[in-house]
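Hello,

Here is the structure I promised to pass on to you. Please have a look at it, and then read on for some notes.

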Amino acid sequence: MVYFIVFLPLLGSIIAGFWGRRLGDKLSLYLTSTLLLISMTLSWITFWQLSSNHVDKVYPLMEWMNVGDFNVVWSLRYDMLSAVMMIVITTVSAMVHIYSIGYMSHDNSKPRFMSYLSLFTFAMLMLVTSDNLIQLFFGWEGVGLASYLLIGFWYHKPSAHTAAMKAFIVNRVGDFGFILGIIAIYSVFGSLYFDEIFSDVEGLHKLSIVMLGFKINVIELIAILLFIGAMGKSAQIGLHTWLPDAMEGPTPVSALIHAATMVTAGVFLVCRMSPLLEFAPFALNVITIVGAMTAIFAATIGLTQFDIKRVIAYSTCSQLGYMFFAAGVSAYPASMFHLTTHAFFKALLFLGAGSVIHAMSDEQDMRKMGGIWKKIPITYALMWVGSLALAGIPFFAGYYSKDLILEAAWAASSNSGYFAFWLGCLAAFLTAFYSWRVLLLTFHGNFNSSKEVLDHVHESPFVMLIPLFVLALGAIFSGWYFYNDFVGYNWKEFWGNSIFISEKHKAFKLAHYVPLWVKYLPIFLAILGILCAYLFYVLNPNLPKILSKKFYPIYNLFFNKWYFDELYDYLFVKSFIKFGNYFWKKGDEGTIDRFGPNGISKLVKIISSKSIIIQSGYIYHYAFAMLIGLVVLITWLLLDYGI
Amino acid sequence: MLSNIPILSSITFLPLFGALIILLTCSDDEQGGKNSKFVALWTSLITFILSLFVLFNFDNDLNNFQFIEKASWIPLSNVSYHMGVDGISLPFVILSTFLIPVCILASFQSIKKQVPLFMSLFLILEVLMVGTFCAMDILVFYIFFEAVLIPMFLIIGIWGGVRRVYSAFKFFLYTLLGSVLMLIAIFYIFSKTGTTEINEIAKFSFPYDIQILLFLAFFASFSVKLPMWPVHTWLPDAHVEAPTSGSVILAGVLLKMGGYGFLRFSIPMFPDASIFFAPFIFVLSVIAIIYTSLVALVQNDMKKMIAYSSVAHMGFVTIGAFSFTNEGLAGSVYQMVSHGLISGALFLCVGIVYDRLHTREINAYGGVADIMPNFAVFFMFMMLASVGLPGTSGFVGELLVLVGIWKTYPIVAIFCATGLILGAIYMLWLYRRVMFGKAIKEEIVSLEKLSKREIIIFVPITLLIFIFGIYATPLLDITQLSINNIIDITEFHQNKNTVSQIATLKD
């Protein structure tokens, strides 16, 4: 069955991609969606089977490459970690497929779109079911490719294909670290298979290598390199710049790839490598700190943006930060738990935003919306559900997972843990604030656009609303439903061997026994955030303007996304082009060619033009030359023989 | 059955036969041109099928040259016409016989003048390329290796672009300079060993300082062919001026002769010198990867950009070869084969649009994806393969090279891997500027879609790149034993060196 789950989306992608035009729009839409629905059903069934019998399996496919010890076999690994990822991926993907039937109804290359979506799903499934690091990298790059294709789906728009390119290249920077990490693992463990690597970690964790005169612990180095890869894919601070721009893609894409699945691949990687990371305390600290910084940093930007999708994108970035610092304090189950619940409510928010954008005739600027809740009440209600879950209001999905993460951070009782806890709490406040800012600006107040747009505002068709309902169910119940299995007392039995926490790291175990104020602070802050948003955008709408003027420098910093793009543009883009031109003009043409081939041919010309002078044709010239020659010869003979 | 037929010679000289037929029977008019095209295509196809016989009958478990043919040539000095293939040369033989029909098919429309001459030159080129890779006698190798220059020189010089004469001469000057030194080295080797058999020479161990000199002499020739930085500047010019099919062969096969030379001659014959020079070669290769990638980034000419990217990709080849590890050497061969296919296909892509618009300026394009959707797919695939996306052959080669070099010099691997980022930048940017956007310009809107012939050209290459990408074992198995031979030699000498170092320390 696992074969079917993984390969049905590929089948759909191939059919829609190659024969989509011949099949017609309708058939390709329904075909890909149906295949995905089957795949989703199967993955739930296998998930339930696995959670009752706990038998991990590896299904081999075929050999990929084999050089000496370096051997890679295509295979599908089915353990709890992949099973959880598979239900998340196939469920959200199936919903997005169905949603797209409605959302893309005005587009004229639907088969291509569906083909890309299914291709993405296949690559993502390959990623999570991989049994070795190289196949994982295949999936990793595959989802990157699908993301590139989908962000640039509307390739007529310059902003879209620029964003697509940016996403691919920034991800490549992460991949650079990832691939080196994989290679380092191979050189240390002599294997690329997870089981073999993990069984050897304990014996090798004190190994170190000397690089550039520094002695570096190899396991720490590997962990950091892998984390660089995770940072790229999961848009952590420094390598996050592509994610907001990726919103240029169609909204279903943002929901599937840039909220629920692909961006969580980094978190998945960290959890998958938990048996190795447990022996890299320094790297874990780095992960905690980077995660916490991303959580707060992205939230600050989310406060100031006006594009509805960008706000949600920054919120994704921030939530991924939570997942990372959870992993950083060794609370991997909590991290996976948040990944799952987040997938549901964030996909819901995105698709809800898509429904709004669809209703608003493709307007994304919240300043031009307002007061439309009566016209699209279902979308409005569902957006509320998503926001409540995101803010972590009790009994919605986000409440269970986010609170647990914060508690684990506190329970780690390390410096980085406290750091993450406080930044996380602050970010929780900001999250609630900007979520309600979105709701209030979009649905309440006065309508701020032309009348034609207002007249056109309409509730989305059922084919778009049904997926929203399904996801809303997830956003409400997934926290409650999964709590006991994922992070309850039996978590070890549930996750089996797929997650490992060293006995030394007690944060996750102690997370259930934190002081009461730690438990209630996040909820309190979330409610405070909602109230603040109400104060800012309903009671006193002038307040944001006054504040932004008063704290102009800070506001500007947030609004301009901390100037990361400008910095990178200056540091990399401009300097690369400068160096490229310099090497080309001064290096290749100015030095190598000038003194190389051109220089030689010039030299030959000069010499030959000089030697022409000697060949004058006058006999006395030649006679003179002969005379000189004779004199030289005789002198030489005389000197040589000493006569 | 097959052992009785001189199959390698048949593969080598069948195209010569075809070339003679073309030259003797086809006149330089329309009908003659047409006939010559088909004669050339069929000859090259039959040659390709013959070469597949060799491939299928090649024994991966046999640790030696196979299909050996030997005939005395200059009895006085023991020089003989001696042919054979092993795991290193076989992939290149197949690559050559595969790319030639593709090139001939690709130039059906684009070559307008002196078609019979062009077709026969291509067939002669095939003779010389296959001969180079099959030769087991160093003098025979040298003759084939150098003679390749002549048809290529003519192809650039006659059917090239505006600055074709300058490029052709630059190409000639560079490559000739290296080969003169190599010839002297070959004479020296003959005078010392009394044989020109490659196998025999490899058994002979030269004194250390002589090895250094001989290595440098061979290096002069191979590094120019490959090309390595800083002797690469002939390549962009040659590519820019060459006709499409000329570029394909140049990038696809001719560059590989340099890498093949390293694997066949430099490393097994002068192992101590190779070990000594390895760090130097790493430095040059890393410079090549970073420097030429940056230069590729700022090019406005599509062909020039791809040419520069070739230099960067070849940097991986030398790094892999001189890592002296199993993975590195296998990756080096793999990278050469894969780059032969990918860069060849990229030049074909440029040729497709060049035939229609007659410009290679990137800025003249934009929005082509709308008008030529099939082409967009092929070009996208080739671009991704060039970037080294897993699932394409480019990934396997680069990965194995990185694995190999990490084992010996992790720091080189780190620099080397930056090529993966830089490669993505210039290729994606190229694709974006050519293919994406709205097709506004009139000449773009009126572009013709891919013809059947053009699709037929692309399909086999695409499939091969894909299959080599997801199932690398067959090709790796072919090369495995021959690579083990090289490793045995280098390991022996590395150990010997450390032993002697320890001995001197003890003294």
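Predicted model: local features only at pLDDT ≥ 70, side-chain atom pairs only at ≥ 80, totals over all residues.

The contact between the chains comes first. It takes 50 residues from chain A and 63 residues from chain B. Together, chain A and chain B bury about 5200 Å², and 75% of that area is on carbon and sulfur atoms. Zero salt bridges are found by the rule across this interface, while 15 residue pairs are in polar contact between chain A and chain B. On the side of chain A that touches chain B, the elements giving two or more residues include strand E1 (57-67), strand E2 (70-78) and helix H5 (133-151). H6(A) gives the most to that side, with 14 residues. Sorted by kind, the residues of that side of chain A are 34 nonpolar, 10 polar and six charged.

Strand E3 (residues 208-211) and strand E4 (residues 214-217) of chain A pair in the antiparallel sense, over four bridges.

Lastly, a look at helix H27 (residues 597-614) of chain A, where you will find Leu603(A). Is Leu603(A) buried or exposed? Leu603(A) counts as exposed because its relative accessibility is 52%, and the cut-off for exposed is over 50%. The C-alpha atoms of Leu603(A) and Arg437(A) are separated by 75 Å, with the two residues 166 apart along the chain.

Happy exploring, and best wishes

Key: Residues numbered from 1 in each chain as written. Chains lettered and ligands numbered in written order. Heavy atoms only, no water. Pairing = 2+ DSSP bridges. Buried < 20%, exposed > 50% of the residue type's maximum accessible area, 1.4 Å probe, protein only. Contact = heavy atoms within 4.5 Å. Buried area = accessible area lost by both parts, 1.4 Å probe. Salt bridge = Lys/Arg side-chain N within 4 Å of Asp/Glu carboxyl O. Polar contact = N/O pair within 3.5 Å; in protein donor to acceptor, adjacent residues only side chain to side chain. Nonpolar A, V, L, I, M, F, W, Y, C, P; charged D, E, K, R; others polar.
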